[in-house]
Amino acid sequence: FQNVELQRANFDLVVGNPPFGKQTLYDPNFPELRNFSIHNYFLAKSLSLVRPGGIGAFVVSRFFMDAADPTARAHIAEYADLLGAVRLPETAFRQNALTDVTTDILFFRKHDGPRLRSTDWVQTATVEAEDHKEGGTRPAVINKYFAELPGQIIGHMVYSGGMFQDALNCVASSDIDLGQEIEKCLNVLAHGFSHGLLAVANGPQTQGN
């Protein structure tokens, strides 16, 4: 992706799962991304290649949205509106990726002029999170979008213990139906866009459709 010669914004849709990692890349066609982590580079370059009005959908590390440094989010907000986000519990990819990690599904629409939606998601906020290791609650920094719309978190943000005292993760009941919960969260997205996603998720309704 670093070396592919794609410069024009003419894709209608991009779907991605950016690689996790902090290393940086240099892309001569996108030198402004040279200080971004490989994760944020993939996300920003992908959205740069979407035409105005086009859609980007990504599964990303929670650290894109929750990072204290808003630089990457502010950069993307210059040319893309966040349509909505869903935070998944840390067990969402346990079976197929053999790892527990808190991730977000993000939906963007590329714009070429005035922003159509709030940019509050560029900032973070402090909330209280349960501390499963020490007991009680502790302040936790998460993205302002999730702080204002906790219903978009499938589960709860908690300090879940383990090797790291400050391990903040999204934890949900083991008996939830993840597909149903994601479908509920899609209802907050832009009208029409969420309807199309639900149609795809539910499959063809008539033969030949």
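This is a predicted model: local features need pLDDT of at least 70, side-chain atom pairs count only at pLDDT 80 or more; totals for chains, interfaces and linings use all residues.

Me: Good. So how does the lining of the largest pocket divide up on that scheme?

Reply: Seven of its residues are nonpolar, seven are polar and three are charged. That makes up a lining of 17 residues.

Me: Which ones lie nearest the centre of the pocket?

Reply: K22, S37, N40, F63 and F64. As for elements, α1, α2 (62-66) and α3 (71-77) each give two or more residues to that lining.

Me: Which element gives the most?

Reply: That would be α3, with three residues.

Me: And how much space lies in there?

Reply: About 500 Å³ for this largest pocket.

Me: Okay, zooming out. How many helices and strands does the chain have?

Reply: Seven helices and eight strands. The chain has 209 residues, and 40% of them are buried.

Me: What about contacts across the sequence, how many join residues at least 24 apart?

Reply: If you take contacts between residues at least 6 apart in sequence, 62% of them join residues at least 24 apart.

Me: Let's go back to α1. What unit does it make with β1 and β2?

Reply: A β-α-β unit, and a right-handed one, with α1 covering residues 38-48. The two strands, β1 at residues 11-16 and β2 at residues 50-61, pair over five bridges.

Me: Parallel or antiparallel?

Reply: Parallel. For a landmark, find V15, which stands opposite A57 in β2.

Me: I clicked on S46 in α1. Why does S46 count as buried?

Reply: Because its relative accessibility is 9%, and the cut-off for buried is under 20%.

Me: What is S46 in contact with, leaving aside its neighbours within four places in sequence?

Reply: F1, V14 and F58.

Me: New topic: β5 and β6. What do they form?

Reply: A hairpin, with five residues between the strands. Strand β5 spans residues 124-131 and β6 spans residues 137-143, and they pair in the antiparallel sense over seven bridges.

Me: Which residue in the turn has a positive phi?

Reply: G135, with phi at about 90°.

Me: Great, that's what I was after. Thanks!

Methods:
Residues are numbered from 1 along each chain as its sequence is written. Side-chain values use heavy atoms; hydrogens and water are left out. Two strands pair if DSSP finds at least two bridges between them. Helices (H or I, at least four residues) and strands (E, at least two) are DSSP runs, numbered from the N terminus. A crossover is right-handed if, with the strands pointing away from the viewer, the path from the first strand over the helix to the second runs clockwise. On a 1 Å grid over the protein atoms alone, a cavity is a set of points where a 1.4 Å probe fits but cannot get out, and a pocket is an open set with protein on both sides within 12 Å along at least five of seven lines; lining residues have an atom within 4 Å of a point. Grid points are joined across faces, edges and corners, and a volume is the space filled by probe spheres set on the points. Ala, Val, Leu, Ile, Met, Phe, Trp, Tyr, Cys and Pro count as nonpolar, Asp, Glu, Lys and Arg as charged, and the others, Gly among them, as polar. Buried means under 20% relative accessible area, exposed over 50%, partly exposed in between (1.4 Å probe, protein chains only). Contact means heavy atoms within 4.5 Å.
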